[in-house]
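Thank you all for coming.

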Amino acid sequence: LKVGNSPAFTFAPPGIFGAVTDPGVGQGFDADLAKQLFQEYLDERGFTIADFNSAYPLVMGQLNGLNNSASDIAIKNWNDILGVTVTTKTVETAEFQSSIAKDNPIKDAFSMFQWAWCADYPDQNDFLHVLFNSEFGSNAVRRNCADETCTAILPDDEFDKLTLTASQINDPEERQKLYAQAEHILVVEEAALAPIYYGSSISLTKPWLTRNFPNMGAPDFMNWI
């Protein structure tokens, strides 16, 4: 990407309250493990890779105007490393939003999609709870759904309990622990999403100017000297 973006292993970026700061936590890249797990999956079902590609024609949804180079690289990895065939479908905003809506029937949805998220406020509630809680969130990844339009959800979901509890208590340390557990469930246990990178922007500053870089929002010019 060549613009200073950093790789993501969990969902919320540094600077967001509740973001996981341990670099050893989360979903990393391991081609050998991916091949091993995929082969186990094929063996369990008596599939060859050709059988898989025939049974599951995977489509990656891409939003027109979004930088889709990261998902293009992911698709190349899946093809080169696993032999999985993935086609892309680039659409405009209205069609993209309609496809990823949790109540859109599965048969009409993308198999997977690349998506970006910008914080409304610097707290994990705006990341894990608002986006992925199956009852209260937008839940575009359709986790914990009991039917194909997600009109019903399965009971006693641990991730949902964690993000709901964290949204209702005030103790920062306890909230941090709950969000760390929820991140692990989302990106490692369920692998409901594959974090790719945290975005960044580039700016030029005169050498005589000392400035700060807030975690989110517009530059706070009043603090530049």
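Let me begin just after helix H7, where Ala 191 takes a positive phi of about 50 degrees. Before going further, please keep in mind that this is a predicted model, in which local features need pLDDT of at least 70 and side-chain atom pairs count only at pLDDT 80 or more, while totals for chains, interfaces and linings use all residues. Residues are numbered from 1 along each chain as its sequence is written, and side-chain values use heavy atoms, with hydrogens and water left out.

Helix H7 itself covers residues 172–189, and its 18 residues should span 26 Å at 1.5 Å a residue, which agrees with the 25 Å between its end C-alpha atoms; the expected span here is 1.5 Å times one less than the number of residues. Which residues of H7 are buried? They are Arg 175, Leu 178, Tyr 179, Ala 182, Glu 183, Ile 185, Leu 186 and Val 187, where buried means under 20% relative accessible area, exposed means over 50%, and partly exposed is in between, with a 1.4 Å probe and protein chains only. Seen down the axis of H7, these buried residues fall within an arc of 160 degrees, so they line one face of the helix; the arc is taken from the directions that run from the helix axis to the C-beta atoms. On the other side of H7, Glu 173 and Glu 189 are exposed.

The buried residues of H7 pack against helix H5 (128–132) and helix H6 (158–168), and contact here means heavy atoms within 4.5 Å. At the N-terminal end, H7 is capped by Asp 171, whose side-chain oxygen lies 3.0 Å from the backbone nitrogen of Glu 173. For such a polar contact we ask for a pair of N or O atoms within 3.5 Å; within protein, one must be able to donate a hydrogen and the other to accept it, and residues adjacent in sequence count only if both atoms are side-chain atoms.

Now let us turn to H6, in which Phe 159, Asp 160, Leu 162, Thr 163 and Ala 166 are buried. Viewed down the axis of H6, its buried residues fall within an arc of 165 degrees, so they too line one face of their helix, and they pack against H5 and H7. At the start of H6, a side-chain oxygen of Asp 157 comes to within 3.4 Å of the backbone nitrogen of Phe 159.

In the loop between H5 and H6 we find Asn 133, which counts as buried at 1% relative accessibility. What does the side chain of Asn 133 reach at 3.0 Å? That is the backbone nitrogen of Phe 136, and the Asn 133 side chain also reaches the backbone oxygen of Asp 160, at 3.2 Å.

Next come the charged pairs. A salt bridge is a side-chain nitrogen of Lys or Arg within 4 Å of a carboxyl oxygen of Asp or Glu, and a search of the whole structure finds 9 of them. In one, the side chains of Arg 175 and Asp 123 meet at 2.8 Å, N to O. This pair links distant parts of the chain, with Arg 175 in H7 and Asp 123 in the loop between strand S4 (112–113) and H5, 52 residues apart. Arg 175 is buried, with a relative accessible area of 12%, and Asp 123 counts as buried at 14%. Elsewhere, salt bridges that share partners join Arg 143, Asp 157, Asp 160 and Glu 190 into one network.

Another salt bridge joins Asp 80 and Lys 76 at 2.5 Å, N to O; being 4 residues apart in helix H3 (residues 69–82), they are separated by about one helical turn. Asp 80 is partly exposed at 48% relative accessible area, whereas Lys 76 is exposed at 52%.

I will finish with the aromatic rings. Rings of Phe, Tyr and Trp (its six-membered ring) pair if their centres lie within 6.5 Å, and planes under 30 degrees apart count as stacked, over 60 as edge-to-face and the rest as tilted. By this rule the count comes to 11 aromatic pairs. The rings of Phe 96 and Phe 113 have centres 5.9 Å apart and planes at 90 degrees, so this pair is edge-to-face. Phe 96, Phe 110, Phe 113, Trp 115 and Trp 117 form one aromatic cluster.

Key:
Helices (H or I, at least four residues) and strands (E, at least two) are DSSP runs, numbered from the N terminus.
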